[in-house]
Amino acid sequence: MSKNNSKIYNTLIVIVSILIPVVVLILFNVRITSLPALTFLPPIYASINGLTALLLLSALYSIKNKKIRQHELLMKTSIFLSLVFLVMYILYHMTTDPTPFGGEGLIRYFYFVILISHITLSVFIVPMVLITYVRAISKMIDQHKKIARITFPIWLYIAVTGVVVYIMISPYYVH
């Protein structure tokens, strides 16, 4: 990759990595009252998280077995699904009041530890995925492998805990 392309990619990664959490925070404070509450979305975006986790595992299996094209397709699909998840998640929160977790005792602490780690890592995974992807498409395979070893388990954790958070909060949704 040329130095000029590297600068462009790095600038875009920084911009996108800052814009996404800022826009999400802003949109969380916007309520669209002209639309009905999109209460049907949480099981869909939780399923997307689950599917993303399975695709990530399949992508790992593919690359371990030297199926590079399959790995590329699975990773691109995982990125696309993560974007679809994000759009649905934002739309849900823009049309629906927050759902308080109703569990008590130890389960409540467990829920919040998972939720907070999930949200925190979700912010940091954006630049990690983008850097990992850019290194792959730029044929910087050694650097790609290096960061992918860190990005993969974090992204997988986020996808899996997204499903866990949904399962734990779903009994408290108002329909």
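One definition to start: a residue is buried under 20% relative accessible area, exposed over 50%, and partly exposed in between. Keep in mind that this is a predicted model.

Take Arg31. Its relative accessible area is 35%, so Arg31 is partly exposed. Which residue forms a salt bridge with Arg31? Asp97 does, with the closest N and O atoms 3.7 Å apart. This pair links distant parts of the chain. Arg31 sits in the loop between helix H1 (3-28) and helix H2 (41-64). Asp97 sits in the loop between helix H3 (68-95) and H4. That puts the two 66 residues apart. Asp97 is exposed, at a relative accessible area of 56%.

How many salt bridges does the count come to? Two. The other partners to look at are Arg69 and Glu72, whose closest N and O atoms are 3.1 Å apart. Both lie in helix H3. They are three residues apart, about one turn of the helix. Arg69 has 67% relative accessibility, so Arg69 counts as exposed. Glu72 is partly exposed, with a relative accessible area of 27%.

Now the helix pair. Helix H4 covers residues 106-137, and helix H5 covers residues 141-169. Their axes come within 7 Å and cross at roughly 150°. Angles over 145 degrees count as roughly antiparallel, so H4 is roughly antiparallel to H5. The crossing of H4 and H5 is left-handed. What is in the contact of H4 with H5, by class? There are 23 nonpolar residues, nine polar and one charged.

Definitions and conventions. Residues are numbered from 1 along each chain as its sequence is written. This is a predicted model: local features need pLDDT of at least 70, side-chain atom pairs count only at pLDDT 80 or more; totals for chains, interfaces and linings use all residues. Side-chain values use heavy atoms; hydrogens and water are left out. Axes are lines fitted to C-alpha atoms, for helices over the stretch in contact, and angles run from 0 to 180 degrees between N-to-C directions. Helices (H or I, at least four residues) and strands (E, at least two) are DSSP runs, numbered from the N terminus. Angles under 35 degrees count as roughly parallel, over 145 as roughly antiparallel, 65 to 115 as roughly perpendicular and the rest as oblique. A crossing is left-handed if the near helix is turned anticlockwise from the far one by less than a right angle, and right-handed if clockwise. Ala, Val, Leu, Ile, Met, Phe, Trp, Tyr, Cys and Pro count as nonpolar, Asp, Glu, Lys and Arg as charged, and the others, Gly among them, as polar. A salt bridge is a side-chain nitrogen of Lys or Arg within 4 Å of a carboxyl oxygen of Asp or Glu. Buried means under 20% relative accessible area, exposed over 50%, partly exposed in between (1.4 Å probe, protein chains only).
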